[in-house]
Amino acid sequence: MNSILNTLSTLVKGLVFFLTVISGLCILLMMTITCLDIILRLFGHPITGVYDIIKLTSAITICCALPYTTAVKGHVSVEYFFHKLNRRNRIIVDTITRVLTMSFFGLLAYRCFYYGLALYNSGEATATLQIPTFWVMYVISFSCVIVVFVIFEHLLHPGKEMIKP
(Lines give C-alpha, C1' and ligand atoms only; values in the text may rest on other atoms or scores of the structure.)
Protein backbone atom coordinates (compact mmCIF):
# COMPACT_ATOMS: atom_id res chain seq x y z
CA MET A 1 0.00 0.00 0.00
CA ASN A 2 2.87 2.35 0.82
CA SER A 3 4.48 1.88 -2.59
CA ILE A 4 1.18 2.71 -4.32
CA LEU A 5 0.83 5.91 -2.26
CA ASN A 6 4.47 6.84 -2.95
CA THR A 7 3.98 6.27 -6.68
CA LEU A 8 0.77 8.33 -6.63
CA SER A 9 2.53 11.09 -4.71
CA THR A 10 5.41 11.17 -7.20
CA LEU A 11 2.98 11.24 -10.14
CA VAL A 12 0.94 14.05 -8.59
CA LYS A 13 4.10 16.08 -7.86
CA GLY A 14 5.17 15.66 -11.47
CA LEU A 15 1.77 16.79 -12.72
CA VAL A 16 1.82 19.76 -10.33
CA PHE A 17 5.20 20.85 -11.70
CA PHE A 18 4.00 20.31 -15.28
CA LEU A 19 0.95 22.50 -14.69
CA THR A 20 3.16 25.12 -13.02
CA VAL A 21 5.34 25.26 -16.14
CA ILE A 22 2.23 25.65 -18.29
CA SER A 23 1.08 28.49 -16.03
CA GLY A 24 4.45 30.22 -16.31
CA LEU A 25 4.51 29.84 -20.09
CA CYS A 26 1.03 31.38 -20.29
CA ILE A 27 2.20 34.39 -18.27
CA LEU A 28 5.18 34.74 -20.59
CA LEU A 29 2.87 34.53 -23.61
CA MET A 30 0.53 37.16 -22.16
CA MET A 31 3.44 39.54 -21.50
CA THR A 32 4.91 39.00 -24.97
CA ILE A 33 1.60 39.43 -26.80
CA THR A 34 0.72 42.54 -24.78
CA CYS A 35 4.11 44.17 -25.37
CA LEU A 36 4.07 43.33 -29.08
CA ASP A 37 0.54 44.68 -29.41
CA ILE A 38 1.48 47.97 -27.73
CA ILE A 39 4.57 48.39 -29.92
CA LEU A 40 2.71 47.47 -33.11
CA ARG A 41 -0.14 49.84 -32.23
CA LEU A 42 2.37 52.70 -32.28
CA PHE A 43 2.98 51.84 -35.94
CA GLY A 44 -0.72 51.43 -36.71
CA HIS A 45 -0.73 47.61 -36.90
CA PRO A 46 -2.28 46.13 -33.74
CA ILE A 47 -2.42 42.37 -33.35
CA THR A 48 -5.86 41.02 -34.14
CA GLY A 49 -7.46 38.95 -31.38
CA VAL A 50 -5.20 39.96 -28.49
CA TYR A 51 -8.21 40.04 -26.17
CA ASP A 52 -9.11 36.46 -27.12
CA ILE A 53 -5.58 35.22 -26.50
CA ILE A 54 -5.25 37.05 -23.17
CA LYS A 55 -8.66 35.78 -22.02
CA LEU A 56 -7.79 32.14 -22.74
CA THR A 57 -4.25 32.28 -21.37
CA SER A 58 -5.33 34.05 -18.18
CA ALA A 59 -7.86 31.29 -17.47
CA ILE A 60 -5.19 28.66 -18.10
CA THR A 61 -2.68 30.54 -15.93
CA ILE A 62 -5.01 30.69 -12.95
CA CYS A 63 -6.23 27.10 -13.09
CA CYS A 64 -2.77 25.63 -13.72
CA ALA A 65 -1.27 27.58 -10.79
CA LEU A 66 -3.93 26.33 -8.38
CA PRO A 67 -2.43 22.83 -7.77
CA TYR A 68 1.01 24.31 -7.01
CA THR A 69 -0.43 26.91 -4.66
CA THR A 70 -2.35 24.16 -2.88
CA ALA A 71 0.72 21.89 -2.74
CA VAL A 72 2.88 24.54 -1.05
CA LYS A 73 -0.03 25.61 1.18
CA GLY A 74 0.19 29.08 -0.29
CA HIS A 75 -3.47 30.00 0.16
CA VAL A 76 -4.42 32.77 2.54
CA SER A 77 -5.99 31.39 5.68
CA VAL A 78 -7.24 32.86 8.91
CA GLU A 79 -6.21 30.54 11.70
CA TYR A 80 -6.93 32.64 14.77
CA PHE A 81 -9.83 30.50 16.00
CA PHE A 82 -8.24 27.32 14.68
CA HIS A 83 -5.22 27.75 16.99
CA LYS A 84 -7.51 28.36 19.97
CA LEU A 85 -8.73 24.75 19.66
CA ASN A 86 -6.99 21.85 21.38
CA ARG A 87 -4.99 19.37 19.25
CA ARG A 88 -7.82 16.83 18.92
CA ASN A 89 -10.35 19.42 17.78
CA ARG A 90 -7.83 20.93 15.34
CA ILE A 91 -7.37 17.50 13.74
CA ILE A 92 -11.14 17.05 13.48
CA VAL A 93 -11.73 20.53 11.99
CA ASP A 94 -8.78 20.16 9.62
CA THR A 95 -9.98 16.75 8.40
CA ILE A 96 -13.55 17.95 7.87
CA THR A 97 -12.30 21.04 6.02
CA ARG A 98 -10.06 19.00 3.74
CA VAL A 99 -12.79 16.47 2.95
CA LEU A 100 -15.22 19.29 2.14
CA THR A 101 -12.61 20.99 -0.03
CA MET A 102 -11.88 17.73 -1.86
CA SER A 103 -15.63 17.31 -2.43
CA PHE A 104 -15.93 20.86 -3.73
CA PHE A 105 -13.04 20.51 -6.18
CA GLY A 106 -14.27 17.08 -7.24
CA LEU A 107 -17.68 18.54 -8.02
CA LEU A 108 -16.06 21.50 -9.77
CA ALA A 109 -13.98 19.13 -11.92
CA TYR A 110 -17.08 17.12 -12.80
CA ARG A 111 -19.14 20.20 -13.72
CA CYS A 112 -16.30 21.80 -15.72
CA PHE A 113 -15.83 18.59 -17.70
CA TYR A 114 -19.50 18.46 -18.63
CA TYR A 115 -19.59 22.17 -19.36
CA GLY A 116 -16.66 21.58 -21.71
CA LEU A 117 -18.70 18.89 -23.46
CA ALA A 118 -21.59 21.35 -23.82
CA LEU A 119 -19.23 23.98 -25.27
CA TYR A 120 -17.84 21.39 -27.68
CA ASN A 121 -21.31 20.34 -28.82
CA SER A 122 -22.42 23.95 -29.29
CA GLY A 123 -19.25 24.92 -31.15
CA GLU A 124 -18.53 27.86 -28.81
CA ALA A 125 -15.52 29.90 -29.93
CA THR A 126 -13.84 33.21 -29.14
CA ALA A 127 -15.28 36.32 -30.75
CA THR A 128 -12.41 37.50 -32.94
CA LEU A 129 -10.15 34.55 -33.70
CA GLN A 130 -12.84 31.84 -33.47
CA ILE A 131 -10.66 29.64 -31.26
CA PRO A 132 -12.76 26.83 -29.74
CA THR A 133 -13.14 27.30 -25.99
CA PHE A 134 -14.22 23.82 -24.83
CA TRP A 135 -10.65 22.69 -24.15
CA VAL A 136 -10.17 25.40 -21.50
CA MET A 137 -12.87 23.76 -19.39
CA TYR A 138 -11.07 20.42 -19.72
CA VAL A 139 -7.83 22.01 -18.47
CA ILE A 140 -9.71 23.56 -15.54
CA SER A 141 -11.31 20.19 -14.79
CA PHE A 142 -7.94 18.42 -14.90
CA SER A 143 -6.39 21.02 -12.59
CA CYS A 144 -9.24 20.55 -10.11
CA VAL A 145 -8.67 16.79 -10.11
CA ILE A 146 -4.99 17.38 -9.35
CA VAL A 147 -5.99 19.71 -6.50
CA VAL A 148 -8.11 16.88 -5.05
CA PHE A 149 -5.07 14.58 -5.08
CA VAL A 150 -2.88 17.28 -3.51
CA ILE A 151 -5.40 17.78 -0.70
CA PHE A 152 -5.58 14.00 -0.25
CA GLU A 153 -1.79 14.00 0.14
CA HIS A 154 -2.12 16.75 2.76
CA LEU A 155 -4.73 14.64 4.53
CA LEU A 156 -2.30 11.72 4.70
CA HIS A 157 0.58 13.95 5.87
CA PRO A 158 -0.93 16.70 8.03
CA GLY A 159 1.19 19.72 8.83
CA LYS A 160 3.51 19.25 5.83
CA GLU A 161 3.58 20.89 2.44
CA MET A 162 3.58 18.48 -0.47
CA ILE A 163 6.23 20.62 -2.18
CA LYS A 164 8.62 23.09 -0.60
CA PRO A 165 8.16 26.55 -2.19
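The model is predicted. Helix H1 spans residues 2-42, and its buried residues pack against H2 and H5. The largest nonpolar core has 26 residues, and the largest pocket has a volume of about 880 Å³.

**Helix H1**
- H1 is made of 41 residues and reaches 60 Å from its first C-alpha to its last, close to the 60 Å expected at 1.5 Å a residue.
- The buried residues of H1 are Ser9, Val12, Val16, Leu19, Ser23, Cys26, Met30, Ile33 and Asp37.
- Just after H1 comes Gly44, with a positive phi of about 80°.

- In soluble globular proteins, nonpolar side chains tend to be buried together.
- Val16, Ile140 and Val150 touch the most other members of the largest nonpolar core.
- Two or more residues of this core come from each of H1, H2, H4 and H5, and H5 supplies the largest share, 9 residues.
- Ile140 is in contact with Cys63 and Cys112, leaving aside its neighbours within four places in sequence.

**Largest pocket**
- The lining of the largest pocket consists of 25 residues, and Lys73, Glu79, Phe82, Asp94 and Arg98 lie nearest its centre.
- Helices H2 (50-71), H4 (87-122) and H5 (134-156) each give two or more residues to this lining.
- H4 gives the most, with 10 residues.
- Sorted by class, the lining of the largest pocket has 10 nonpolar, 9 polar and 6 charged residues.

Key
Residues numbered from 1 in each chain as written. Predicted model: local features only at pLDDT ≥ 70, side-chain atom pairs only at ≥ 80, totals over all residues. Heavy atoms only, no water. 1 Å grid on protein atoms, 1.4 Å probe; cavity = no way out; pocket = protein on both sides within 12 Å on 5 of 7 lines; lining within 4 Å. Points joined across faces, edges and corners; volume = space filled by probe spheres on them. Helix = DSSP H or I, 4+ residues; strand = E, 2+ residues; numbered from the N terminus. Nonpolar A, V, L, I, M, F, W, Y, C, P; charged D, E, K, R; others polar. Core = buried A, V, L, I, M, F, W, Y, C linked by side-chain atoms within 4.5 Å. Buried < 20%, exposed > 50% of the residue type's maximum accessible area, 1.4 Å probe, protein only. Contact = heavy atoms within 4.5 Å. Expected span 1.5 Å × (residues − 1).
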